[in-house]
Amino acid sequence: MKTKEPEAKTYLGVPLYRPKVAFFEFSSCEGCQLQLVNNESTLLDFLSLVEVVNFREAMTEKSDDYTIAFVEGSITRGDEVERLKKIRKNAKILVAMGSCACFGGVNQLKNRFKNFDWVKKQVYGKHPIDSGLVRAVEDVVPVDLRIYGCPIKKEEVEKIVLHVALGKSIDIPKHPVCMECKANENICLFDLGEPCLGPITRAGCDSWCPNNRAGCWGCRGPAEDANVEYMKKIMKEKGFSEQTIMERLDCFGGFKKVK
Amino acid sequence: MIFRIFEKKELRSLFEILAAHNKIVGPVEIGRDKDKNPVYAFAEVSDFNSIKLNYTTTKLPAKRYFLPFQEDLSTFRIEAGNWQKTIDYNAKEPLIFFGLHACDINALNKLDKVLLHSVYPTPYYAAKRKNMFIIGIDCVPQSFCFCRSMGSDTALHGFDMFITDLGAKYFVEILTDTAYNFLKNIKTEEPKEKDHVLYMKTAAERNKKFTAQVETTDLAKILDMEFQADVWKQWGDKCLACGTCSNVCPTCYCYGVEETVNIDLKGARKTKSLYSCNLIDFAEVAGGHNFRPERHTRLKYRYYHKHRGFVEAFEESLCVGCGRCGQSCLAGINVPEVIASVRGGKIK
């Protein structure tokens with residue numbers, strides 16, 4: 001496919017950078033990419049900031065000529081490694097998008113099992129597929145930027161893409177979800193007797209789960225300077241079992257490097 | 001100050017008269033915690049029955065009505081290479097606060113010193129603050145309340161009227177002509193000698209109920225001397241650096257400003273968000289240099305702002321002793337224990 005000349009979008013008279021972008025999926029539910037085509041009210045504006053050359057969820061054409069590759073999903077198979085390496089070679093900037101790409105996501109739960117054959121049998125029964133240990137994208141190729149969340153938050157991606165176009169710095173929150181949760185005036189989940197990883201999980205989701213009275217599961221991974229050790233102690237003192245605590249911390253794989 | 005007393009049922013009439021033309025904010029119950037205790041918050045109320053005048057400390061202060069967690073300082077329209085700026089102080093209408101405790105009124109008085117009476121007043125705060133009518137109400141000290149130590153257990157100014165429950169009647173202190181005129185609409189009486197005696201007896205009874213305390217004698221000096229104390233490190237090890245203490249604090253006003261462009265490129269905004277000195281990047285500057293990368297230094301500076309820096313500037317602490325930070329801190333970090341440990345050299 002021949003790529004179109006980008007139309008001249010300007011901000012305050014200054015022409016914007018309109019990067020060629022491509023979206024790719026590996027082992028995942030493709031929910032993050034679906035998030036991108038949600039929110040129709042801003043979809044056209046969003047798409048006008050970039051030139052999409054590869055996006056299975058939204059178009060049939062394909063091209064290998066792109067600057068930014070958004071990669072969704074974890075890496076579980078040999079052929080995925082090869083595909084990912086090729087994408088890394090083509091792209092100037094590689095973005096790991098969503099918990100699976102950033103940490104392995106829910107998929108990495110299977111890494112806990114020693115007997116892989118048993119796992120495969122449980123999941124696939126008589127239709128086995130070639131699938132090994134789950135890895136985050138950064139464990140296979142270098143990653144330039146991470147967009148956290150399961151799923152990602154459309155507003156955050158819009159902001160990142162807009163900042164790329166404007167040449168503004170991209171600032172992902174370093175503080176935990178608690179900040180957003182308090183600003184949303186929720187009753188603390190611990191006051192309700194529920195476990196929550198809000199105090200140690202990276203913000204940016206606008207405390208999506210606690211707003212709905214569901215404790216945080218840490219899908220965005222640890223906040224910077226997250227005090228995971230003391231958080232575990234607090235949860236234990238509040239009467240939560242080791243299993244409850246570990247289930248939360250292990251669920252998306254974000255805490256495996258800090259806990 | 002003018003004193004009056006009135007029958008309890010008159011308060012409903014006063015509420016209804018005020019509510020007919022004004023927006024009222026008061027303490028309401030927003031749920032029950034795991035032990036079935038009510039959880040209170042300030043919210044807009046239109047029905048007198050939903051106000052809980054015997055409320056215990058709300059989880060969050062009334063701060064969002066005068067220092068919102070997030071507010072646009074200015075917005076911009078961009079058309080054909082040109083732009084137009086709009087400034088809105090976001091003070092839409094006068095607000096009546098129906099039932100603020102003394103600590104929360106004192107918190108406003110402290111904020112006034114910084115945001116209203118400083119060299120460069122903050123118009124966004126001033127516009128809201130000057131559009132408030134405040135009815136204070138007495139309270140029952142909770143186990144975590146140390147307002148008495150901070151001199152914030154009674155309010156001498158910063159409200160329009162303050163009511164105290166004397167059992168059958170309310171005793172009211174009137175501070176402004178607005179309050180005086182509003183009260184003309186209900187039946188009040190001149191308090192008699194016996195009412196004064198009852199008021200003083202009620203106040204004395206309340207004072208006996210304080211249990212938590214903070215020793216503030218020479219505190220600013222002691223904090224200077226104990227800057228390198230080991231206890232800071234020990235509290236820092238517990239701190240989750242989540243910023244909750246600042247968010248629930250009625251006097252924390254630190255913030256960050258962010259400029260964002262709308263995705264349609266036709267507008268932009270400058271947004272202020274309250275921030276916390278306990279967050280990892282609070283003291284991060286250009287180039288990524290962080291002056292307070294460790295949790296204990298950030299926690300320490302929060303205490304130094306409240307109990308040392310503000311005292312030096314205004315001869316009073318920036319803490320009103322409401323105890324919200326200690327109540328909300330999952331790690332159990334609270335002012336009485338932190339100050340006691342700094343003074344005593346160890347955590348009890």
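In helix α2 of chain B, the buried residues are B:A102, B:C103, B:D104, B:I105, B:N106, B:A107, B:L108, B:K110, B:L111 and B:L115. A residue counts as buried if 20 or more other C-beta atoms, placed from the backbone, lie within 10 Å of its own. The model is predicted; local features need pLDDT of at least 70, side-chain atom pairs count only at pLDDT 80 or more, and totals for chains, interfaces and linings use all residues. Residues are numbered from 1 along each chain as its sequence is written, while chains are lettered from A and ligands numbered from 1 in the order in which they are written.

Helix α2(B) is largely enclosed by the rest of the structure, because 10 of its 14 residues are buried. Its cover includes β6 (95-100), α3 (123-129) and β7 (132-137) of chain B. Helices (H or I, at least four residues) and strands (E, at least two) are DSSP runs, numbered from the N terminus.

Chain B as a whole has 11 helices and 11 strands. Of its 348 residues, 39% count as buried. The C-alpha trace of chain B spans about 65 × 65 × 45 Å along its principal axes. Among contacts in chain B with a separation of 6 or more, 71% join residues 24 or more positions apart. Two residues are in contact if their C-beta atoms, placed from the backbone, lie within 7 Å.

Chain B also meets chain A. Here 34 residues of chain B contact 32 residues of chain A. On the chain B side, β2 (23-32), β3 (38-45), β4 (70-79), α7 (230-238) and α8 (244-247) each supply at least two residues. This side divides into 19 nonpolar, eight polar and seven charged residues. Nonpolar means Ala, Val, Leu, Ile, Met, Phe, Trp, Tyr, Cys and Pro; charged means Asp, Glu, Lys and Arg; the others, Gly among them, are polar.

Chain A is divided into domain 1 (10-166) and domain 2 (178-250). Their contact takes nine residues from domain 1 of chain A and seven from domain 2 of chain A. The domain bounds come from an automatic or database domain assignment.

Technical notes. A residue is buried if 20 or more other C-beta atoms lie within 10 Å of its own, exposed if 12 or fewer, and partly exposed in between; C-beta atoms are placed from the backbone.
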